[in-house]
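I opened my notebook to look up a few local features. Here is what I wrote down.

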Amino acid sequence: MSETPPSILNVDDYNPSRYARTKVLQQAGFNVTEASTGRDTLRIVAEQNPLLVLLDVNLPDMSGFEVCHQIKTDPKTKGTTVVHISASSIQTHHQVHGLDTGAEGYLVEPIEPSVLIATVKAFLRARKAEDALRRSNDELEWFAYRVAHDLSEPLRTVTAHTQLLEEALAGRLDEKTSQHFHFVVDGAQRMKLFIDDFLKYAQVTHVDRETAALDCEAMFGHVLSNLAAAIQSCGARITHDLLPVVVADPALEYVFQNLISNAIKYQREGVPPEIHVAAREENDGWLFSVRDNGVGIEPQHSESVFDIFRRLHSRDIPGNGIGLALSRKIVKAGGGTIWVESVPGVGSTFYFTLPGRLQHTPRP
């Protein structure tokens, strides 16, 4: 069975140019559909899902820039490759604007047929590679889920039956045997926590993350509720500035919880944790910070502390070396950066940014 020719939507309101381009593409073996307006383009993209759209910038009903923006913001069509083409909007600012609104390329006419075909093939190769990577990521996520699920069940069984056995033998166990039971349960629980965090890490990717309006004040309250037992047990004092409403990945809550949880865990001996969370507008985004008075981090570890499975302290402090790596992955997926400034024996401040994700909402 022969392979289906790649589908291309050729959009131009000037009939002679559209006809000539279609003939060149068809002779090269592509399956070409035509459109002359923005509305027809959006309809055809939604109905036929072409691999690539050659999109004229100047259309009679709307600009090609707006058409591209609508294609790229629709979850069903945002994976479509869009290449602008124009004979009149050829200035640098036109090209920059076209690429900034989501197009993968910008061609200036006149363009030699051989160059057009080579360019189209190059974009289609990139699209094919991207699709293959996406499928690979989906398979990896499915595999991670299956591994996590299949390991979690026997771990729960080990924990539950060990605890039942210990209860059944209550009063007949010496101290050493009781300690062995404790080691089994503790090891199983550590493994369960590791599996859960590893699954979260595998699920967070740098593309196609859904965003939503997030009230960081409410999120902060939820984090404190989750950490209530740890906060109470160590007498931690946690303060915060007024936090904004932002448009971001809901996984941002994990970042807050991990940074505050770490500030509690890595306290100085005999010194109750003091933690302050702040946020301020900076450039076209937000700069968040979580400051503590804990043990601090040596300067040579300020980068490696974000590496997955990296642990700077002994097993006496619970953790698996995934939390900061996952936090960095979440922040980077949103286009931000995360870093730490620290003085050993004095404390650390973790900073992270959320660029271009502002949403001002009046507060009482």
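At what angle do helix α2 and helix α3 pack, and how far apart are their axes? I found an angle of about 20 degrees and axes 10 Å apart for α2 (residues 38-48) and α3 (residues 64-73). Axes are lines fitted to C-alpha atoms, for helices over the stretch in contact, and angles run from 0 to 180 degrees between N-to-C directions. Helices (H or I, at least four residues) and strands (E, at least two) are DSSP runs, numbered from the N terminus.

I noted that the model is predicted: local features need pLDDT of at least 70, side-chain atom pairs count only at pLDDT 80 or more, and totals for chains, interfaces and linings use all residues. Residues are numbered from 1 along each chain as its sequence is written, and side-chain values use heavy atoms, without hydrogens and water.

I wrote that α2 and α3 are therefore roughly parallel to each other (angles under 35 degrees count as such).

Next I looked up the contact (heavy atoms within 4.5 Å). From α2, G38, T41, L42 and V45 meet V67, Q70 and I71 of α3. By class, this contact has 4 nonpolar, 3 polar and no charged residues.

Then I turned to the loops. E109 and P110 are joined by a cis peptide bond, with omega about 0 degrees. I found P110 in the loop between β5 (105-108) and α5 (113-168).

N49 lies in the loop between α2 and β3 (52-56). Its phi is near 50 degrees, a positive value in a residue other than glycine. I listed N49 as partly exposed, at 44% relative accessible area (between 20% and 50%, 1.4 Å probe, protein chains only).

Notes. Angles under 35 degrees count as roughly parallel, over 145 as roughly antiparallel, 65 to 115 as roughly perpendicular and the rest as oblique. Ala, Val, Leu, Ile, Met, Phe, Trp, Tyr, Cys and Pro count as nonpolar, Asp, Glu, Lys and Arg as charged, and the others, Gly among them, as polar.
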